Amino acid sequence: MSSGETLESLDYSILQQCMHCGMCLPTCPTYDATKLEQHSPRGRISLMRAIADGQLSPTRAFGEEMSYCLGCLACETACPAGVDYAHLFETARADAERSGALANPARRLVRFLTLRLLFTHPGWLRMTGRILRLYQASGAQALIRFLRLPRLLPPRLRRWEAMTPPIRPEFSHQLIRPLERPEGKPGHRVALLTGCIQDLAFSEIHRDTTDVLLANGCEVVTLPVQPCCGSLHAHNGDPETAAVLARRWLDLLDPFGLDAIITNSAGCGSHLRKYRRLLAGDPVYDRRAEEWDRKIRDIHEWLVEIGFVPPRGEIREVATYHDACHLCHGQGITRQPRQVLASIPGLRVVDLPESEWCCGSAGVYNLTQPEMADRLRNRKVDHILSTSARIVATANPGCHLQIEGGLASRPCPPRVTHPVSLLAAAYRRGGWRRPGSSIAS
Amino acid sequence: MAPAGRPEASLRESCPGLKVLDQPEQLIPYSFDGTAELTQLPAAVVFPRSTGEVASVLRWSGKHKVPVVARGSGTGLSGGSVPVRSGVVLCLSKMDKILEVDAANLTLRAESGAITSAVAAAAEKAGLFYPPDPGSMRISTIGGNVAENSGGLRGLKYGVTRDYVMGLEVVLAGGEVIRTGNQCVKDVAGYTLRDLFIGSEGTLGVITEVLLKLLPPPLSRKTMLAVYDDMEQAARTVSAIIAAKIIPCTLEFLDHVTLNCVEDHAAIGLPRDAEAILLMETDGHPAAVESEAEAMERIARAHGARSLQKAANAAEAASLAAARRTAFAALARVRPTTILEDATVPRSRLAEMIAFIREVSRRHQVKIGTFGHMGDGNLHPTFLTDEKNGEEMRRVGAAMREIFEKAVELGGTITGEHGVGLAKKKFLEAAVGRANVELMRRIKAALDPDGLLNPGKIFDFS
């Protein structure tokens, strides 16, 4: 969607493309749980169409419905007619926000603090991360939780407290140099995007990604300070800020000088490929955005594309793979992460039942819609425990935290990791050394 | 006449505990089914959880003279479950339990809102087989399948939904509950009333429970794909296979337009200049399957197949079936509006009918891709159009009318498996004759004298 687009101004054929055949219904988690059409993709599209036709205004009930949708895009995979649901959904959420139908002072404040302040200022976000880290590492969090003090918080805040991700002691810029070169002449020049949550909670996945790229002859550019990609904003009805962030990225990183722009986070990846549409009608950025979209690669997709080196080190374990929605449904990438896992000697990969069913993380959905999110999390965790896997691999920070949180309450849970971290470990065990370092880290 | 004021208020009083939706944001998503162009907002949508609740809704409907439209998952393609003005939609999606699989009697009992693929899976789990496989089976309800007498890809060998219904529980207009049929293969005690409700499109009663017949599953299957330069050759292949006393379980074709749309969408490597491709599958005992497959291959080659691929294993079979599987999705992407029709002719007239569709498509300048079930003569001429373009829609309408008239002229029918509903009402009399429609009206008058059950569907009644 372009940032000023509304359901009424939208190209009507996108709405019309839905032939309401119902093939999306069995794949929609909210329809599955309720069996009510208003909570289904075709039901939601009918409401959007009613707004475009002027038969309905963006009421509170409409806004709530759009918030109840996970945005998992399973419906896009199921749709025989190729409806661009992501486009419709983002436009509808923006309409709902603009109408003010959902607004109240607390919600407005939270949205301002997160979408407009924290997630547009990477420095402030990292500072918040540092404070959180201090709180966690000092034992203050443990003490406060031990004393059951979060009970004094209102329920919503109590939930948020419980879900604060464990912050890494070091962030990406402390682990990765701005330019890292592989052994010998580089075959490719790529940039690595480090994102927001991934940078704070999983910076080691970025180190692993860099190592895997180096091991495959890629020269890696990693900007030390990186803005948010805007996916959070686009998915949550703030396309204006998403457009500001997209322009900021296009100013910072020239896609013409790179072979690929790499992301290892599914939620970012599916948004990053759509900068051109987001900036539609902006002649200054059009060509650059087009080139940007063309260069964006999910890390697994890139590895398979360049024919990655099979690792020699063994990992003697049983693993399973959870498809992040925005990787399998949002970007159609299902085969490549499995190819990466299958290449690891000793690793036995078992199928996860319903691997493409949303885990309930869905961006900030687990904060805004706790009931449905918990239901989906339990369903996912039950499936994981039904396998013999000791490792769950997934390629999205939201899923990672959600699944880890769900497994934490179960006896001897498997550990959660990123497929690329397993590949990096297998390279290191096979004797691969990072250029310029004397030890295998 | 609807009662004065809001009908849902008295409905809530009459049926305490019943889930009732009546807000615009809740009703708009129930104002259509899977049919293009048809929409009507209902007054309310209700979700019974038991036969008793269905009965109390129909008692209320009879008392207040409010029309009721029964609905499953709303995937119908003839407008059969599109609401009627001021009417109530009775949605059976919450009555979705599989009640019993009886391996000794080879039957399965389920509530009518059970999903068709769940029925098939429950049979499979017991080592048995429920053959009807309508295209929407992953979400369609078994009650909807019975009410529409749905078909599927296995029609030639295994028949349609009707062939698997042994018994029904039905709530009649006014709320009386009857059970008809049982687990006996033989039963001639009076009229076979269950047959009256199969394919009645919700106009004679509301089906609440079904008793289905199951089969032992075929032990083995073999899949082939043949390519032709001429549709006539493909059709003759099919006739010759059947003349050789082989009844394959699948004989599916794609025409030139459809296979090119499949190539545009999925690039699976079909020859773009071909006029027809034919997907053939035989199933049964391994020895029989082997010899039948050989004979089918020989016959296809003898009738001009320019190439023929035979799957060596399940993975290869799936890849051969890919073209047929993606056919509808490939067509649906071409234009904003997709209208899937199901004109059906005797098998022997199929090539003639397909040639006629192509000619109509050219003459009216309307894009039509045709695919379907060559074994049973059931075609799916699929109109690729834009409902916002009034002028083009008039041409679509004219082309459609000619196609239906031709189908009837060739001894066929206006609908093979989608039903009449609203979409084909105007063609019914020409297809079956006035006497038939009159008899249908008399049956309707006997069962639903006030015309409250899905009124205005199939034919007008008043």
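1. Chain B splits into domain 1 (7-93), domain 2 (98-213) and domain 3 (220-409), with bounds that come from an automatic or database domain assignment. The C-alpha centres of domain 1 of chain B and domain 3 of chain B are 37 Å apart.

2. A word on the ground rules: this is a predicted model, where local features need pLDDT of at least 70 and side-chain atom pairs count only at pLDDT 80 or more, while totals for chains, interfaces and linings use all residues. Residues are numbered from 1 along each chain as its sequence is written, and chains are lettered from A and ligands numbered from 1 in the order in which they are written.

3. Now the pair of helices in chain B. The axes (lines fitted to C-alpha atoms, for helices over the stretch in contact) of α8 (residues 231-243) of chain B and α12 (residues 350-363) of chain B come within 9 Å and cross at roughly 155°. Angles run from 0 to 180 degrees between N-to-C directions, and over 145 counts as roughly antiparallel, so α8(B) and α12(B) are roughly antiparallel to each other. Helices here are DSSP runs (H or I, at least four residues), numbered from the N terminus.

4. Who touches whom? From α8(B) come B:Met231, B:Glu232 and B:Ala235, and from α12(B) come B:Leu350, B:Ala351, B:Ile354 and B:Ala355. Contact means C-beta atoms, placed from the backbone, within 7 Å.

5. As for the chains themselves, the contact takes 26 residues from chain B and 26 residues from chain A. On the chain B side, the elements giving two or more residues are α2 (24-27), α11 (314-332) and β14 (337-340) of chain B; strands are DSSP runs of E, at least two residues.

Notes: Two residues are in contact if their C-beta atoms, placed from the backbone, lie within 7 Å. Angles under 35 degrees count as roughly parallel, over 145 as roughly antiparallel, 65 to 115 as roughly perpendicular and the rest as oblique.
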